[in-house]
Amino acid sequence: MHVVVPYAPDAPKTRLKPVLSETERSTLARVMLEDVLEAVRETGREPTVLSTEPLEIDAPVTVDRRPLTEAVNAVVRSRTRSTEVKSSGSAAVAVVMADLALTTPEALERLFAPNADVVIAPGRGVGTNALVVRHPEFRVDYHGGSFLDHRRIADDIGATLETVDSFRLGADIDEPADLVEVLAHGTGRTADCLREFGFELDSTEGRLEVVRSVEP
Ligand SMILES: Nc1nc2c(ncn2[C@@H]2O[C@H](COP(=O)(O)OP(=O)(O)OP(=O)(O)O)[C@@H](O)[C@H]2O)c(=O)[nH]1
Ligand SMILES: C[C@H](OP(=O)(O)O)C(=O)O
């Protein structure tokens, strides 16, 4: 299975602006990417980064400056349609977002295991955090509740769809409140990165929150 990790390094994670400086957002995005790549590798697969810019990283990188949906569809089209790839028995393509900081190899195996035409791990906010495509006519349409769009697209083309109910794959790190999940459940370098930025868990207001001792 070909595993692609989309990544846009230019001004990433803007929704974290209230709590992180621009440099910190870039560092966090990069560390999350590295955690995701490592988790994929631990499943025995070699991920390719699908980046909007050239990157210095220990992984193959494909540069495609088009918006997310177009760039991913170009990969999906070429992998699921190529007769050469099909005859080698690996026409499936997986798309795993780079901001899944809680991802583990075990969580990814649950995404890779089903033999459905389309497999989706939805994210909070009804996004599509991770996806496997085996059907040659399936195309992605990210943003704006993309899980519902992807379910409809699968239905329209008669593709079988399996949904993976995963806390770890469902947790994309977009907003300040998501940092609580990283500090509480993170097993990779992202949690260490947040601690280095000075974040810690705090429950003095009742609900568990992140607070930071050093402001950006
Ligand atoms: N290749 C590619 N990847 C993208 C693009 N836009 C977002 N991504 C990646 O897709 C994943 C999900 O994107 P978002 O959650 O919107 O991340 P983001 O754009 O960094 O965050 P916000 O600025 O808060 O929306 C992340 O891994 C991003 O790095 C794009 O245009 N091209
Ligand atoms: C990538 C995109 O992220 P969102 O806009 O939902 O955060 C999606 O999952 O469709």
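This is a predicted model: local features need pLDDT of at least 70, side-chain atom pairs count only at pLDDT 80 or more; totals for chains, interfaces and linings use all residues.
Residues are numbered from 1 along each chain as its sequence is written, chains are lettered from A and ligands numbered from 1 in the order written, and side-chain values use heavy atoms, with hydrogens and water left out.

Back to ligand 1. Its oxygen atoms also meet the backbone elsewhere: there's a polar backbone atom of leucine 68 at 3.2 Å, and one of alanine 98 at 3.0 Å. The protein covers 84% of the 620 Å² of accessible area that ligand 1 has on its own, going by Shrake-Rupley with a 1.4 Å probe. Around this ligand there are 17 residues, and Ala8, Lys13, Thr14, Arg15 and Leu50 come nearest; being around it takes a heavy atom within 4 Å.

Now ligand 2. Which residues surround it? That would be Arg15, Leu68, Met97, Gly127, Thr128, Tyr142, His143, Ser146 and Asp174. Here we get side chains too: a polar side-chain atom of histidine 143 is 2.7 Å from a ligand 2 oxygen, and an N or O atom in the side chain of serine 146 is 2.6 Å from one. Threonine 128 uses a backbone N or O atom, 2.8 Å from an oxygen of ligand 2. For ligand 2, the protein covers 83% of its 290 Å² of accessible area.

Technical notes: A polar contact is a pair of N or O atoms within 3.5 Å; within protein, one must be able to donate a hydrogen and the other to accept it, and residues adjacent in sequence count only if both atoms are side-chain atoms.
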